[in-house]
Structure formats: C-alpha cells, structure tokens
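Have the viewer open as you read.

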Amino acid sequence: MNSGMNHDAHDAETLDSTLRSQARHRPDQPALVAAGRVTSYAELDRSADALAGRLAALGIRAGDRFIVQLPNSAEFIVLIFALFRLGVIPVLALSAHRRSEIDHLCKMTGAVAYAAPRRHAGFEFHSLGEAVREGNPGLRHLLIADDLITADLGTAHLSTAGRPGRPDRPGPRPTDVALLLLSGGTTGAPKLIPRTHRDYLYNIRESAAVCGLDEHSVYLTALPAAHNFALGCPGVLGTLAVGGTVVLASDAAPDQAFELIERERVTVAALTPPLLALWLAEAAWSDADLSSLRLLQVGGARLHRSQAARVGPELGCRLQQVFGMAEGLLCFTRADDPEEIVLSTQGRPLSPADELRVVDADDREVAPGEVGQLLVRGPYTVRGYYRAPEYNATAFTADGYYRTGDLVRITPTGHLVVEGRVKDVVNRGGEKVPAAEVEEHLAAHPLVAQAALVGMPDGLLGERTCAYVVPAGRPPALDELTAFLRGLGLAAYKLPDRLEILDALPRTGAGKVDKRDLTARIAAQMAAQMTAQTAAQIGSREC
C-alpha cells in the first residue's frame with residue numbers, strides 16, 4: 001500500500017489533519033475561492049473548528065451519520081471538515097436528489113441530521129426536509145440555511161431534540177469510516193460506499209502525485225464536489241492536502257468556467273465527456289484566456305478518441321483520461337504516456353498494489369488483450385457496501401475482488417480500454433451487441449453530437465437495437481447512419497434497427513446517461529404502437 005510514500009508517517013493521520021497541517025504551514029495561502037470570496041487555510045481551519053463545536057453542542061457525536069446535500073460552496077467544505085473532526089460520518093447526497101432519494105438515505109443510514117440550503121436551482125429544501133423527517137423519527141436535526149458557517153444553528157435547524165455535546169470529544173481514528181459515498185450504478189436504489197480515513201487519504205494523496213499537484217496548483221471544481229471524481233481524485237481534498245487552491249464553480253457551464261479559469265489562473269480541472277463537448281464548442285468562439293490551464297481530467301464515462309484528440313489543440317492543455325469508481329480503483333493516463341495511449345485508453349492503475357482480473361461470465365480469466373469483466377481488489381478498494389450483506393454476496397468474490405460490472409481489455413502496456421458495461425450489451429438473437437462500441441462509431445458521424453444505444457423488445461430476436469441521437473445540426477436519417485457504420489466496417493448485426501432523435505440524453509444523478517429511462521421509453525413506445533396496430537386490425541376485420 002505504500003507506493004513509495006512514507007507509510008509510517010501517514011498511518012496516524014485522518015482527513016481533517018490534512019487541513020490542520022496546511023493551516024500551520026501556510027496559514028495565509030488561499031485555500032478556497034467561492035462566490036467571489038477568498039478563504040485562507042487559517043480561516044478555513046478556524047471555521048471548521050467553530051462549526052464542529054456548534055454541532056457537538058447540538059448533541060451530534062462520533063459515529064452519527066449526517067446527510068449533506070449542499071451545492072459547491074464554502075459551506076460544503078467547512079461542514080465536511082467539521083464532521084471529520086467530530087468523527088461524524090457525512091453521507092454525500094447530490095443537489096438533484098429529492099424526497100425519494102433522501103428518505104432512502106435516511107432509512108439506510110439511520111441519519112440523525114440533514115443539511116441543505118434554503119433554496120438552490122429554484123428548489124425549496126425546507127419542505128423537503130420536513131417531509132423526510134415525518135417518516136424518519138431518528139432524524140433529530142434539519143439544518144436548512146444558506147450559510148451554515150455563520151448561521152445561528154438554534155434558528156437554522158428545525159428540530160431541537162438533541163443532547164448536549166461534550167467538549168472533550170475524541171477525534172476519529174484512521175481506520176474509522178470517514179464518509180459514505182453514493183455508488184454510481186443505474187440499477188435500483190443507490191448503494192453506499194464506506195471509505196475510511198486511511199484509504200481515502202491514500203486515494204487523494206496518490207492521485208495528487210500522479211497529477212503533479214502542489215501548493216501552486218489551482219483546481220477548478222466544475223463538477224459537483226459531492227462526487228468522488230471532484231472530491232478525491234484528487235479533487236477538492238487532494239488539492240487541499242498539498243496546499244493548493246480550490247476554486248468552486250456553481251455549475252460546469254463553460255461561460256462561467258472560462259471566466260473563473262481566466263480570473264483565478266486555474267491550472268487543473270475535471271470534466272465528464274458531455275461537459276467536455278460543451279467546453280470545446282465554447283472555446284471555438286470564446287476569447288477567454290485559458291493559458292493557465294495545464295491539465296484537464298476527463299472521466300465518468302467513455303471518452304471517444306475523436307473528442308480526446310481535440311483537447312490539446314482547442315483548449316491548449318494536456319488531457320488526462322481517468323477511469324475509476326467511488327468503490328476504489330482509479331486509473332489515470334500519465335504525463336509521460338505516448339499520445340496514442342492518452343487518446344485511446346483510460347489509463348493504468350494508481351497503485352502497484354492494485355490487483356486486476358479480467359474474466360468471462362464464469363469468472364475464468366480471458367486471454368491477454370481480450371474483453372471481459374473487470375474484477376479488482378487493492379489498498380483503497382472497499383470490501384463491501386454499507387449495510388448490504390445480500391448485495392455484497394454477489395458484488396464481491398469469495399476472495400475479496402469487487403465485480404465492477406465494467407467490460408475492459410488490458411493493453412500490453414497495462415492500460416485499460418473500457419468497452420462498456422456487462423449489462424450494457426444488447427442480445428440481438430444471440431449476437432451480443434456492445435453498446436459502447438456502436439455509440440463511439442455513431443459519435444464520429446458529423447451529424448451526431450451524442451448517441452446512446454439500448455435494447456428494445458422484439459418477438460422474433462428477443463431484442464433489437466435502438467439508437468438515441470442528439471443531432472449536431474440537422475437530424476440524420478437511419479439509412480445515413482447505417483451506411484456510415486457499414487463504411488467503417490461494422491458488422492451488420494451491430495447496425496441500429498431504429499433511430500430516435502432527442503434534444504438531450506437523460507442523465508442519472510451521477511451524470512451518466514440514464515439507459516433505464518431510454519429503455520423504458522422505447523418499450524412504452526413499442527407497446528403503444530402494438531396496441532394501436534391491434535386495434536386497427538380488429539377494426540378492419542369488423543368492417
């Protein structure tokens with residue numbers, strides 16, 4: 001697990017101690033820039049201490065679970081560090097979550113507190129908090145305030161059934177669970193991922209080292225900070241751990257992001273492929289000065305090679321492809337990787353202690369270079385989801401490997417190429433159609449901005465394929481796309497059987513394409529068409 005670091009020196013540390021250390025060494029260095037306000041390391045440290053004391057006075061204690069649903073803001077950063085110091089476990093919800101998701105998180109964790117802004121993106125959180133509290137009597141504190149740092153928690157919180165805190169509260173231990181992250185899966189209710197102080201410290205420090213972060217780095221948090229990618233890969237926590245500056249954007253819209261890059265001289269940012277497409281479009285006409293940007297991380301979904309090749313010429317910075325999961329494993333392309341590897345792979349593992357297996361449906365190792373499901377275990381990969389014993393029995397092998405659900409192949413250089421998901425394969429009459437492969441080819445068509453391939457029910461083949469396309473210009477026709485795919489040498493059984501045009505692809509809370517939604521849409525459309533055809537046939541017979 002040491003990967004070249006001083007293991008003994010870090011063994012006793014916790015996530016909150018990284019802020020303590022930086023506040024001692026560089027108290028006046030800017031730690032955060034949010035909403036136009038600069039917060040130094042000393043100020044951030046003092047604010048976290050003060051908030052921790054106020055939360056302890058409400059009776060919130062070590063081991064309690066605390067749901068945090070705050071947007072990118074100084075309040076978010078101060079609150080999670082205050083919770084780390086108390087040994088309270090933050091459960092990081094997304095701003096887009098509503099009653100169903102928050103209620104699920106409360107019931108799963110037995111949370112005693114919930115924090116949200118009064119209003120964000122046009123939504124009032126006060127009523128959401130009240131509704132969730134009705135079904136969760138253990139939720140003693142609803143902290144609904146625009147600024148938890150300065151708010152009087154006696155008036156900001158809506159429930160006062162707390163116990164007085166103890167001034168001599170003990171700090172957390174390195175092996176304690178530090179936070180609960182949401183899984184990025186698209187099936188069923190989200191699972192919770194327990195990350196300890198020790199394993200997440202490894203995660204952020206080694207990620208920061210791979211990215212070359214130091215005290216001069218300025219990291220733009222364009223993605224939601226509650227996401228693992230933006231929080232710890234290396235993200236907010238990795239930047240603060242090395243003494244850099246975190247710039248918090250309220251969203252990833254390119255006009256706002258470009259303004260922040262120019263004004264704050266941002267050096268590092270992280271995006272998903274759909275957001276990268278927007279940035280590239282903006283850069284084509286924007287006169288913003290992006291010259292400070294040296295590294296752009298792209299992850300969260302497969303980045304098509306054609307798009308990857310545009311980053312350097314059009315944004316003027318180095319591309320780093322990132323593949324990973326909140327459960328642990330992270331892969332990065334490196335600064336010294338050849339260009340072709342950076343453009344066409346999703347990187348190699350962060351740690352030399354990461355153990356990877358690529359297997360078939362029967363857990364047998366596939367031949368080198370062949371596609372199979374990725375299994376992984378390692379020093380920062382969890383061995384089980386939070387309070388999910390039945391799910392863990394299938395999600396992990398008997399010897400502790402996590403079944404990622406990703407279909408990958410490993411190149412001779414040890415880099416991963418992500419080919420799709422185990423469940424993202426359409427079974428078309430026995431022929432397996434990998435959605436990611438077809439989507440990548442579709443995205444290369446000049447009339448296609450984004451594409452997603454899903455299965456649709458078919459009485460003869462079981463499933464046929466439906467391509468959902470967001471056009472770039474006029475909508476393409478199905479025969480245009482199939483002719484283009486044939487020209488690329490794609491097998492006939494992989495050609496889409498149907499084309500649907502959308503203004504935008506639906507997204508999950510984690511920002512991934514919501515294929516459950518698309519599959520349900522096309523199934524409903526086909527069912528309605530079948531009903532209409534049956535009615536028409538009955539009517540014609542009656543005539």
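Which residues lie nearest the centre of the second largest pocket? They are Ala34, Ala35, Ser73, Ala74 and Glu75, out of 27 lining residues. Before going further: this is a predicted model, so local features need pLDDT of at least 70 and side-chain atom pairs count only at pLDDT 80 or more, while totals for chains, interfaces and linings use all residues. Residues are numbered from 1 along each chain as its sequence is written, and side-chain values use heavy atoms, with hydrogens and water left out.

**Pocket and cavities**

A pocket here is an open set of points on a 1 Å grid over the protein atoms alone, with protein on both sides within 12 Å along at least five of seven lines; a cavity is a set where a 1.4 Å probe fits but cannot get out, and lining residues have an atom within 4 Å of a point. Volume is the space filled by probe spheres set on the points, which are joined across faces, edges and corners.

The structure holds two cavities of 30 Å³ or more. In the table, Ala, Val, Leu, Ile, Met, Phe, Trp, Tyr, Cys and Pro count as nonpolar, Asp, Glu, Lys and Arg as charged, and the others, Gly among them, as polar.

| Space | Volume | Lining |
|---|---|---|
| Second largest pocket | about 460 Å³ | 14 nonpolar, seven polar, six charged residues |
| Second largest cavity | about 40 Å³ | three nonpolar, three polar, two charged residues |

Back at the pocket, strand S1 (30–34), strand S2 (37–40), helix H3 (41–57), helix H4 (74–86) and strand S6 (119–120) each give at least two residues to the lining. Helices (H or I, at least four residues) and strands (E, at least two) are DSSP runs, numbered from the N terminus.

**Strands**

S1 also turns up in strand pairing, where two strands pair if DSSP finds at least two bridges between them. S1 and S12 run parallel, joined by three bridges, and Leu32 stands opposite Val246 in S12. Strand S11 (residues 218–221) pairs with S12 too, in the parallel sense over four bridges; there Tyr219 is opposite Val246. On S12 (residues 245–248), Thr245 and Val247 point one way and Val246 and Leu248 the other, and all are buried (buried is under 20% relative accessible area, exposed over 50%, partly exposed in between, with a 1.4 Å probe and protein chains only).

Elsewhere, an open sheet of four strands has the order S18-S19-S20-S21 with antiparallel pairing. Strand S18 (355–359) and strand S21 (416–421) are the edges, each with a single partner strand, so one side of each has no neighbour in the sheet. From one strand to the next, the twist averages 45°. S19 (residues 372–377) and S20 (residues 402–410) share four bridges, with Leu375 opposite Arg403 in S20.

Ala12, by contrast, counts as exposed because its relative accessibility is 66%. Ala12 sits in the loop between helix H1 (7–10) and helix H2 (15–25).

Notes
Axes are lines fitted to C-alpha atoms, for helices over the stretch in contact, and angles run from 0 to 180 degrees between N-to-C directions.
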